[in-house]
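Biologist: I am new to this structure and would like to learn how to read it. Could you walk me through a few features, please?

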Amino acid sequence: MKPHQKSTVVTLLQNGVSQREIWRKTGIDRKTIRKLAQETEAEANSPMATGSPGLAVQIPPPWPPALAPDPSPLRLPAHARSACEPHRAWIEAQVRLGRNAMAIYQDLVDRFGFEGRYNSVKRFCRALRTQAPEQFDRLEFLPGEEAQVDYGEGAPTLHPSGRYRKPRLFVMTLRYSRRSYRQVVWKSSSQVWAWLHEQAFRYFGGCCQYVVLDNLKEGVIRPDIYEPQLNRLYAAMLAHYAVVADPARVRDPNRKGSVENAIQHTQATALAGRRFESIEAQNAFLMHWEEKWAAQRIHGRAKRQVEEMFQEERAHLKALPIEGFRYFEEGTRTVQDDTTVQVDSAWYAARPAPIGAEVLVRLYEHEIEIRDLHTLALIRRHTRARRKGAVELPDAERLFNPSRQTHQILKRAEHIGPTPTRCVARCSSNVGARRRRACGVSWGCTRAIRPASWSRQPPARSPATSTPTRPCARSLSNCSLRPSPGSMEPSRNCPWVTLARRSPSSTSSSVIPPSMPRSSTAVSARSRWRPIRPHPHRQPSACSHRWANHKRRTAHEYAVHSQHLGGAAPNPCTRRKAGRQAKELPANPPGAYFSGRRQGCAAPGEKTPRPPLTEPPPRRAQRRQTRGVQAQRPRTPSTDTTHYPPSRRPQAMSMSMMEIEKTLKQLRLSGVRATLETRLIESQASSLSFLETFSALLQDELDRRQSRLLERRYQLSGLEERASLAEFDWGYNPKIPKRTCFELHTLKFIAEGDSALLIGQPGTGKSHIAKAIAYSALRSGLRVLYGEADELLANLAQGASADKRKLLKPVIDADLLVLDDLFLARHLPAEAADALQSILHKRYKLRRSSLITSNRIIEDWHKFLGDAALTTAILDRLLHRSVLLEFRGKSYRLKEAASRLAKATHPE
């Protein structure tokens, strides 16, 4: 004990202060105080010389004076003198019920008229609540029965970031032999947790029956005494090795005391006071320490060597499976409208899962599994696609699309006959939009044909080399394909029958009657019902000429179509022959109507009279009446000044929630997408207008983008913490310039292009204030670059001359440059000093702000730069437009260390 503490205790004892009070004030142990009290009393009772040898030696009375002896022969214990003694039985019963002293005191006063004080009841109850020490059972296990696992902290190791950090220490201990497997990792996850178990099983050469673990999220999702919910990846790994998980109860570390002791033994014996340059070096050391020292020790409880017990237990471990566990990643997906789920830019079939349902997707290295979200039943298994945009969807599960599944059209056409097969094959061989339209019409045509009606069709000649077009396919669908009544042959108005009836020896196509329906794209636009009325100043013969010219063109077009369907190549006589035939047609009477699409098609060589029509079709009449009504309606002015074609006028569209989310994802409106449902519910509940709801959605998107922008700037700035001035203890060092620090926090000096210098003793808060100002600048949208000065300058100095310009560019272009702890090292290399001078000189010319903290006073900077002229040039530019702050006081780090030490020494 130190002298000043001893004198303090002696003084308090002499003043009559109790030993308990001295312990409370000084923190010195009561045993030490009692010992000092005995020494003080012995010194007071020691014999004293008076200076006269003739006088008898006198012993002074003790101080304080002793009490008179108690006349009673028996001294009762302390609780026997309590006023609560008459009510002992009742108080003991209340204490067993768990009631506190205040409740017992109140009942004593109300029920028994107790006249004592509350402190008497409190002391009496305290004496009755003495508890026996907790008793623990000694657990015994069979060899290979149980293993215990847990995480701890390893020794400080050099992190890839350049700092020393403590990794996570994984330990698995066999309960029977106490043999352990130890490994450190930087990060923990469900896959890492399962992989460490697998490595431990391979190290031991076998598996135990069950594993006792803590309720960490990597292993246990929901703790429960009887049916805990395990992590699916962890549960699958244990099932692969036939091991059962037995999670301990919450806050019950005694269940896995073996691994807890193993972690403490590793930290206190193997890793205490050590540092490692890599995590591999620490794992190698742990393996060496386990083999040489931990496994060779004599266990204190078993009194046997750990290695000897492990060799005995190894024979009882279960054998490992031949193949290792296949790790996977899980995620939920929604079945899309084409019965597929999207996984990593590829699509996989998910039937029989319904559209819109959520399924569980497991991603292995070479395949994926689609399972039910609740029962985990396997739905589909696919080989994992190696390229983006792949679609794993069988044709049997696709909706029919004629432009893609032409083989089904060809299959149907084969049942009909050879001629339709050749026509459909020509349509399918086309490319582009014409092929898709032709295939669509061919599919409708083949669906309408019955194969039995074409059983008597004669064989047709091979088609020509030209490719059928859409008019050809439309002519197939427009013609009547049903057989005539009482006959199994098809009607004569089908072009296939006309082609089949041609003579093989003929070199040109047969003349097609002009009454045959037209299918050309150019003609189909004019093949509607139209009136032919004579002009009042013209002769009736003009109508006949118009009719003849119209039919002449029609005959020529069908001659061309017949060539597409397999006829011979057209010759100049074909058009003349068709023209002559068209001239022989009777003229249409004035005022009659006719249609370009005729039904009663006659056989070649026959003439069928064309019956005149006196009335237009009803559909045409209704359309004319509608147009008349619309013309009579008054027109209202429209605000839309855009002139759209009739077929491209904008129409209102209704989208489902899934389509809206896809659209928002394509537009990269993640903020609107995340809060859309919430805003819709809020709008319906509060009856908000569309403008208010839309404003809220836009504000959500703006907030999300600002937060992401702030996070991106924070990552690029190099800051390691989000400091603020609100959490700074200003009362510890009153001499710190608080007002100036808050003025810098307003960022006014950045707007003016000034700089700031924070000079002072270590631990006074310079770095914290610099980081707080830098983070405030980040939140204001400024570009900030933070770095430790010596490390940043060393990196710039080591770079090649060609790369220095690229390295200096972000340092110079930043709106605020923070150089923390400048001249922390004893000497700055010449290249680093030149880099510092170049940075400050260019930033001074560009009026960009810099914030520098240093433990060295300005007068000593030339010692660290090694050049007085260079130091003068730097300080001249730096101090011209800058704010200088001096920090004095005690170190905050020493304060925190003292508080931690006090808590560790006196937990109360």
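Biologist: How many salt bridges does a search of the whole structure find?

Modeller: This is a predicted model, and a search of the whole of it finds 37 salt bridges. One of them joins the side chains of Glu92 and Arg88, with 3.3 Å from N to O.

Biologist: How far apart are Glu92 and Arg88 along helix α4?

Modeller: They are four residues apart in α4, so about one helical turn separates them.

Biologist: Let us stay with α4. How do the axes of α4 and α5 cross?

Modeller: Helix α4 covers residues 88–96 and helix α5 covers residues 101–112; their axes come within 11 Å and cross at roughly 140°. That angle is why α4 is called oblique to α5. The crossing of α4 past α5 is right-handed.

Biologist: Which residues of α4 and α5 meet?

Modeller: From α4 come Trp90, Ile91, Gln94 and Val95, and they meet Ile104, Asp107, Leu108, Arg111 and Phe112 of α5. Sorted by class, this contact has six nonpolar, one polar and two charged residues.

Biologist: Now for sheets. How do strands pair in a sheet?

Modeller: Strands of a sheet pair through backbone hydrogen bonds, and the pairing is either parallel or antiparallel. Here, an open sheet of five strands shows parallel pairing, in the order β20-β21-β22-β19-β23.

Biologist: Which strands stand at the edges?

Modeller: Those are β20 (784–788) and β23 (882–887); each has a single partner strand, so one side of each is left without a neighbour in the sheet. On average, neighbouring strands of this sheet are turned by 10° against each other, ignoring direction.

Biologist: How many bridges join β21 to β22?

Modeller: Five bridges link β21 (residues 816–822) with β22 (residues 849–854), and the two strands run parallel. To find one by eye, look at Leu819, whose bridge partner in β22 is Ile852.

Biologist: Which strands does helix α27 touch as it packs on the sheet?

Modeller: Helix α27 (residues 789–798) touches β20 and β21, and its direction makes about 110° with that of β21. Helix α29 (residues 830–845) lies across β21 and β22, at about 145° to β21.

Definitions and conventions: Residues are numbered from 1 along each chain as its sequence is written. This is a predicted model: local features need pLDDT of at least 70, side-chain atom pairs count only at pLDDT 80 or more; totals for chains, interfaces and linings use all residues. Side-chain values use heavy atoms; hydrogens and water are left out. Axes are lines fitted to C-alpha atoms, for helices over the stretch in contact, and angles run from 0 to 180 degrees between N-to-C directions. Angles under 35 degrees count as roughly parallel, over 145 as roughly antiparallel, 65 to 115 as roughly perpendicular and the rest as oblique. A crossing is left-handed if the near helix is turned anticlockwise from the far one by less than a right angle, and right-handed if clockwise. Contact means heavy atoms within 4.5 Å. Ala, Val, Leu, Ile, Met, Phe, Trp, Tyr, Cys and Pro count as nonpolar, Asp, Glu, Lys and Arg as charged, and the others, Gly among them, as polar. Two strands pair if DSSP finds at least two bridges between them. A salt bridge is a side-chain nitrogen of Lys or Arg within 4 Å of a carboxyl oxygen of Asp or Glu.
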